[in-house]
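Hi,

Here is the structure I promised to pass on. Have a look at it first, and my notes follow below.

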Amino acid sequence: MSTPSGTGPVGPAKVRIRHLHDAKDRGRPFSMLTAYDQYSAQAFEAAGIDVLLIGDSVGTTVLGHSSTTGTTHQDMLTFTGAVARSVHRPLIVADLAFGTYETGPVDAVRHGVELIRAGAEMVKLEGGRAIVPQIRALVEAGIPVMGHLGFTPQSVNALSGHRVQGRDAAGADQLAEDALAIQEAGASAIVLELVPAQVAARITEVVQVPTIGIGAGPSCDGQVLVWQDMAGLSGFHGKFVKAFADLRRDLTHAAEQYRVEVAEGTYPGPEHSFD
Ligand code: KIV
């Protein structure tokens, strides 16, 4: 696929964590998308997306749950395996599901090992200083960690809904302290979700590891979106989302055409039939 110069993928034949660090050092933003299944993952690989996240958002985008607290560890293993078997180049990151790590380092490592066995190359977990022991244990077990700060969807109930975090000075300071603490514990990258752009810029400046923003402005080292939002399939039009296609319209149109042609007897035609 041809791309304007300087906008190609950041990694070579296989994207590794060090390529994300190089990208940060070079000031070259990289891209991450969620992926949950074979065909979408292959399309994103063909598009040169650097990192694929099997997000626990699979619970809300595919499985019909109202929040990611409904996503189970078994769900994560199933969808991680599907994506990991389907692509070669992108870095594969999988979420530790709600309830699989909050209980302590032993549970975090046990579930992290299972995600790696399923094909993940890095695991993501939500939280700051409170989960430093879990991050340390995962890293000591040889499992690379991506942190997730700001609005942390698994805590949607405790946070009273989807709200921008770190708006006041104290909140912004806490986010920066959390970022430094999880970096110190061994996190190799940090997602910042629903954070004011200037706070995300400050965190991106003070940490050495790459930050990846979703609703966190343009200064993060990389960006991530849920793919069904990016492609206009979900119909979600949050302020931070840009829909780069209208898949909901196109898919509805295709299904409608199919229904009409079946009803009028024009599909299947002779070219779709066996002699
Ligand atoms: O599960 C997910 O899709 C995520 C992104 C919002 C970063 O964690």
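Let me start with Leu194, which lies in the loop between strand E6 (189-193) and helix H8 (197-206); helices (H or I, at least four residues) and strands (E, at least two) are DSSP runs, numbered from the N terminus. Leu194 has a positive phi of about 50° despite not being a glycine. At 12% relative accessibility, Leu194 counts as buried (buried is under 20% relative accessible area, exposed over 50%, partly exposed in between, with a 1.4 Å probe and protein chains only).

Before going on, two caveats. This is a predicted model, where local features need pLDDT of at least 70 and side-chain atom pairs count only at pLDDT 80 or more, while totals for chains, interfaces and linings use all residues. Residues are numbered from 1 along each chain as its sequence is written, and side-chain values use heavy atoms, with hydrogens and water left out.

Ser160 also isn't a glycine and has a positive phi, of about 60°. Ser160 is found in the loop between strand E5 (145-150) and helix H7 (169-185), and is exposed, with a relative accessible area of 57%.

Another backbone item: the peptide bond from Tyr267 to Pro268 is cis, with omega near -5°. Pro268 is in the segment after helix H10 (247-264).

Now the ligand. Around the ligand (a heavy atom within 4 Å) are Thr34, Leu53, Gly55, Asp56, Ser57, Asp95, Lys124, His148, Glu193, Ile214 and Val226. By class, that shell has 3 nonpolar, 4 polar and 4 charged residues (Ala, Val, Leu, Ile, Met, Phe, Trp, Tyr, Cys and Pro count as nonpolar, Asp, Glu, Lys and Arg as charged, and the others, Gly among them, as polar).

Which side chains make polar contacts (here, a pair of N or O atoms within 3.5 Å) with the ligand? An N or O atom in the side chain of Ser57 is 2.5 Å from a ligand oxygen. For the side chain of Lys124, the distance from an N or O atom to a ligand oxygen is 2.8 Å, and a polar side-chain atom of Asp56 lies 2.9 Å from an oxygen of the ligand. Taken alone, the ligand exposes 260 Å², and the protein buries 96% of that (Shrake-Rupley method, 1.4 Å probe).

Last, helix H5 (residues 105-118) holds Val113, which is partly exposed at 28% relative accessibility. Val113 and Leu138 are 25 residues apart in sequence, and their C-alpha atoms are 8.6 Å apart in space.

Cheers

Key
A polar contact is a pair of N or O atoms within 3.5 Å; within protein, one must be able to donate a hydrogen and the other to accept it, and residues adjacent in sequence count only if both atoms are side-chain atoms.
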